Amino acid sequence: MGKTIAQKIIQSHLISGDMTPGSEVALKIDQTLTQDATGTMAYLEFETMGIPRVKTELSVAYVDHNTLQCGFENADDHRYLQTVAAKYGVYFSRPGNGICHQVHLERFGKPGKTLIGSDSHTPTGGGMGMLAFGAGGMDVAVAMGGGAYYITMPKMYKVNLTGKRKPYVTAKDISLELLRILSVKGGVGAMIEWGGEGIASLSVPERATITNMGTELGATTSIFPSDEVTRQFLAAQGRAEDYIPLSSDEDAAYDRVIDIDLSQLKPMIACPHSPDNVVAVETLKHVKVDQVCIGSCTNSSLLDMLKVAAMLKGKTIAPDVSLSISPGSRQVLTMLSDCGALSDILASGARVLECACGPCIGMGFSPNSSGVSLRTFNRNFLGRSGTKDGQVYLVSPETAVASALTGFITDPTTIEGNIQVQMPEKFKINDSAILAPLSADHAAKAEVLRGPNIKPFPKSEPFADSMDGEILLCVGDNITTDHIMPAGAKILPYRSNIPYLSQFCFEVCDPTFAQRAKQAQHSGIIIGGSNYGQGSSREHAALVPMYLGVRCVIAKSFARIHVANLINAGILPLTFADSADYDALQQDHVLHLENIESGMAQGKLNVTDSTTGRCFTALCNLTHRQQAILMAGGLLNYTKEGGQ
């Protein structure tokens with residue numbers, strides 16, 4: 001039987017394991033990336049390993065999240081990242097150079113290579129045929145040290161695009177349509193390959209928009225073939241030598257095939273507060289708009305920005321609308337300036353922000369109270385914008401501009417004219433803001449500079465064979481990492497200071513959580529619904545609960561990256577065998593877990609609610625390696641003990 005693109009790359013990078021879906025496989029990692037919100041912790045973890053230099057083909061440290069310096073914290077972290085990168089063999093992309101995924105696509109991504117990044121949208125690289133995964137910082141640190149990256153071998157889904165897009169129907173609309181079909185849980189346990197005649201009309205930046213949004217499906221990753229479109233993009237970036245062709249075999253088998261007829265697709269919009277709450281834009285034409293934000297790693301490419309500029313040229317945004325534009329990279333901003341498109345954007349009344357994540361992670365440009373904000377981003381979780389009651393919708397750049405001009409949610413197909421924008425034959429190359437690491441000789445004497453906000457990595461304890469745990473919180477379905485460990489300008493500067501950060505844990509769900517966790521007489525337990533931990537790859541959503549004494553989370557189901565982060569932090573993830581057991585539990589109940597080690601080996605643990613006397617079974621589908629990591633108290637303890 002033939003193989004899919006992903007199966008071919010996995011096979012060529014397989015260190016150990018069986019490629020049967022559901023089995024654990026260990027992969028060799030060619031490239032890693034970090035960003036500053038998660039990277040500081042990743043490099044602190046790497047330093048604890050005592051390895052003098054990274055062992056990957058390429059590792060890059062980006063600064064794109066915490067670029068507002070309202071105090072010393074961010075500036076100190078950036079200095080730490082620059083010095084630690086120089087010492088350990090990592091390239092450093094300076095603040096303002098751009099968003100990690102956009103810059104990596106432009107300058108470093110290679111078809112057929114494996115990439116993991118401490119950011120959940122690392123699958124953006126799949127737009128050029130990379131096998132790219134979002135991961136927690138510990139997994140990235142291990143990969144930088146030459147260790148394998150472990151995943152559960154996923155199922156294979158295929159999305160076939162047929163037909164031809166109508167004007168103003170975009171890659172973002174394709175992504176939103178798949179979210180409408182599958183939901184935010186529909187891609188869990190699967191890799192999504194895109195194919196069909198319709199992909200020929202999609203540029204690499206458009207493909208990257210689609211693989212970026214695959215993260216919101218819960219998919220392990222998403223990937224496109226590497227074809228003539230890929231070759232042309234790499235050649236335009238001066239990297240023609242990085243091209244290799246990649247395609248699936250004609251007789252490759254897929255667990256599910258989904259067909260999308262592009263000719264029938266309309267501009268789509270995700271309504272508050274979930275990326276899968278998708279309807280056609282035309283159904284919301286009476287909704288007044290307060291704010292529009294264009295950018296993020298999803299829609300900040302030169303192609304996106306040129307379309308935006310063309311639609312804004314000679315026009316002025318509605319007087320009641322505030323419009324922000326965030327180019328994805330210095331390359332994008334420079335080329336916008338050189339061709340005059342930046343002047344068209346500014347003349348419309350838009351505000352141009354730094355080449356960074358910015359509003360997407362609540363770092364500035366929050367909407368007004370109860371404000372309707374249309375964003376070309378990938379997430380619209382409640383409160384993520386920085387305004388607790390902000391009403392955030394996800395749209396394409398074309399829908400965003402049309403709505404900014406009218407002041408109401410507007411289907412761009414109703415706007416007069418049809419924009420025509422072409423990809424450039426050559427991009428302007430200037431890598432002066434990417435700093436190469438020191439040579440091995442110079443690195444040995446180099447100093448890593450740390451500020452007072454950088455605190456030691458919190459320590460976790462090995463598991464005993466039984467435990468009593470107090471239920472500190474019960475939450476529902478689709479709890480995101482933003483619920484557990486919020487983003488935003490107030491909190492992001494403290495990502496390297498777990499003790500300070502801990503006071504904000506679960507603040508969105510219960511402002512008393514952190515204080516109650518500190519005062520608890522027993523270890524802490526969290527009770528969750530379906531898809532617990534969806535969203536960001538931030539391992540802080542596991543490290544901070546661990547610091548607060550949480551040792552176990554029992555949920556109906558987990559998001560892929562978060563369950564891995566829980567295990568790495570030494571927190572036991574269990575699932576309910578019967579949903580009725582979820583309904584019977586309440587906050588403040590004390591649960592007793594016994595025979596933990598043998599129970600993990602058998603795949604189920606006996607749990608007693610000591611408060612009511614009720615007993616139930618919790619399932620734990622863990623590999624031998626994951627069991628050993630948990631019994632050691634986490635991945636770093638396991639690694640120090642010589643585990644592989």
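Is Cys552 buried or exposed? At 0% relative accessibility, Cys552 counts as buried, where buried means under 20% relative accessible area, exposed means over 50%, and partly exposed lies in between (1.4 Å probe, protein chains only).

Before going further, please keep in mind that this is a predicted model: local features need pLDDT of at least 70, side-chain atom pairs count only at pLDDT 80 or more, and totals for chains, interfaces and linings use all residues. Residues are numbered from 1 along each chain as its sequence is written, and side-chain values use heavy atoms, with hydrogens and water left out.

**Overall fold**

- The chain holds 22 helices and 27 strands; these are DSSP runs numbered from the N terminus, with helices (H or I) of at least four residues and strands (E) of at least two.
- A compact globule of 644 residues would have a radius of gyration near 26 Å, and the 24 Å of the chain agrees with that. The radius is taken over C-alpha atoms, and the globule rule is 2.2 Å times the number of residues to the power 0.38.
- The C-alpha trace spans about 70 × 60 × 60 Å along its principal axes.
- Of the contacts with a separation of 6 or more, 76% are between residues 24 or more positions apart; contact means heavy atoms within 4.5 Å.

**Surface and charge**

- Buried residues make up 63% of the 644 residues.
- The accessible surface is about 22600 Å², and 49% of this belongs to carbon and sulfur atoms. Areas come from the Shrake-Rupley method with a 1.4 Å probe; for residues, only the protein chains shown count as cover.
- The chain carries 53 positive and 63 negative charges, whose mean positions are 4 Å apart. Lys and Arg count as positive and Asp and Glu as negative, while His and the chain ends are not counted; each charge is placed at NZ of Lys, CZ of Arg, CG of Asp or CD of Glu.

**Cysteines**

- With a disulfide defined as a pair of cysteine sulfur atoms within 2.5 Å, the count is 0 disulfides.
- Cys552 is in no disulfide, as the nearest cysteine sulfur, that of Cys620, is 9.5 Å away.
- For Cys293, the closest cysteine sulfur is in Cys360, and the 9.6 Å between the two sulfurs is too far for a bond. Cys293 is also buried, at 0% relative accessibility.

**An enclosed helix and an exposed loop residue**

- Helix H4 (residues 100-107) is largely enclosed by the rest of the structure, because 8 of its 8 residues are buried.
- Glu416 sits in the loop between helix H12 (397-406) and strand E20 (434-435), and it is exposed, with a relative accessible area of 75%.

**Backbone features to look at**

- Most residues other than glycine have a negative phi, and most peptide bonds are trans.
- Pro272 and His273 are joined by a cis peptide bond, with omega about 0 degrees; His273 lies in the loop between strands E13 (268-270) and E14 (278-280).
- Ser296 is not a glycine, yet its phi is positive, about 80 degrees. Ser296 belongs to the loop between strand E15 (291-294) and helix H9 (302-312) and counts as buried, at 1% relative accessibility.
- Ser370 likewise has a positive phi, about 60 degrees. Ser370 is placed in the loop between strands E17 (351-352) and E18 (372-375) and counts as partly exposed, at 43% relative accessibility.
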